[in-house]
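Okay, thanks everyone, I'll keep this short. Let me put the model up and then walk you through a few spots.

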Amino acid sequence: MGRVTENKQAKRNSIFHSSFDLFRTKGFFQTSISDIVTKAGVAKGTFYLYFKDKYDLRDKLIAYKAGTLFHAAELNLSKTNIKDFSERLIFIADQIIDRLALEPDFLKFISKNLSWGVFKTALLKGHDTGETDFYNAYLRMVEESPYEFKNPEIMLFMIVELVGSSCYSCILEDEPLPMEEYKPYLYDVIRGIIQMQIVRKKSSKEIIDHRH
């Protein structure tokens, strides 16, 4: 990465961090673009190089922070010997849940602003954050699994929605249980979703062909 590219990325990241601090303290609607650029130490023109408006910034901020969560989760997964498809997804979910538990302000923010379209964009592209292309990583996991699934995208959507709603209730409100007590129930449901999506077991040749 060249110095110019690094400088641009540093400015954009500064806007991300400054805007998030302001959104969670002042509120999204009470925060102006002038507030953001002043805190970030950049010119207003620099803001418009990266973002159309405050709403575009909000969506890209969600994508950026979501991308960092998935990047860290996949990195930690790569350090394990977990091969089972269901357990790999549960490991990633567990990593993300633990990170969100440490960042309740972010959890509140995405709960108010998150949509599947924004989230899926984060998974597919990460808004050029350089983080993990999680959606393609997920599809590789699907291809390498010993099973053929009915609809991998719908399966991912259901799991994401389930984890997201569970995080909000259990982490922020301890309802119906604190998160650590709720996890076994959550992960059993995820296993059930995956089992219901299995069409058939692949042959050894199909698995080898996917891996090569």
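So, where does Phe157 lie? Phe157 is in helix H9, which runs over residues 152-173. Just so we're clear, this is a predicted model.

What about its exposure? Phe157 has a relative accessibility of 30%, so we call it partly exposed.

Okay, on to helix H10, residues 179-197, where you'll find Tyr182. Is Tyr182 buried or exposed? Well, its relative accessibility is 19%, and since the cut-off for buried is under 20%, Tyr182 counts as buried. If we skip the neighbours within four places in sequence, Tyr182 is in contact with Ser166, Cys170, Pro176 and Leu177. Take Ser166 from that list: Tyr182 and Ser166 sit 16 residues apart in sequence, and their C-alpha atoms are 8.6 Å apart in space.

Now the inside. The largest nonpolar core has 57 residues, and the ones touching the most other members are Ile15, Phe85 and Leu100. Which helix gives this core its largest share? That's helix H5, residues 85-102, with nine residues.

Let's zoom in on Phe85. Leaving out anything up to four places away in sequence, Phe85 touches Tyr138, Met141, Val142, Ser145 and Phe149, and also Met155 and Ile194.

Note on methods. Residues are numbered from 1 along each chain as its sequence is written. This is a predicted model: local features need pLDDT of at least 70, side-chain atom pairs count only at pLDDT 80 or more; totals for chains, interfaces and linings use all residues. Side-chain values use heavy atoms; hydrogens and water are left out. Helices (H or I, at least four residues) and strands (E, at least two) are DSSP runs, numbered from the N terminus. Buried means under 20% relative accessible area, exposed over 50%, partly exposed in between (1.4 Å probe, protein chains only). Contact means heavy atoms within 4.5 Å. A nonpolar core is a set of buried Ala, Val, Leu, Ile, Met, Phe, Trp, Tyr and Cys residues joined through side-chain atoms within 4.5 Å.
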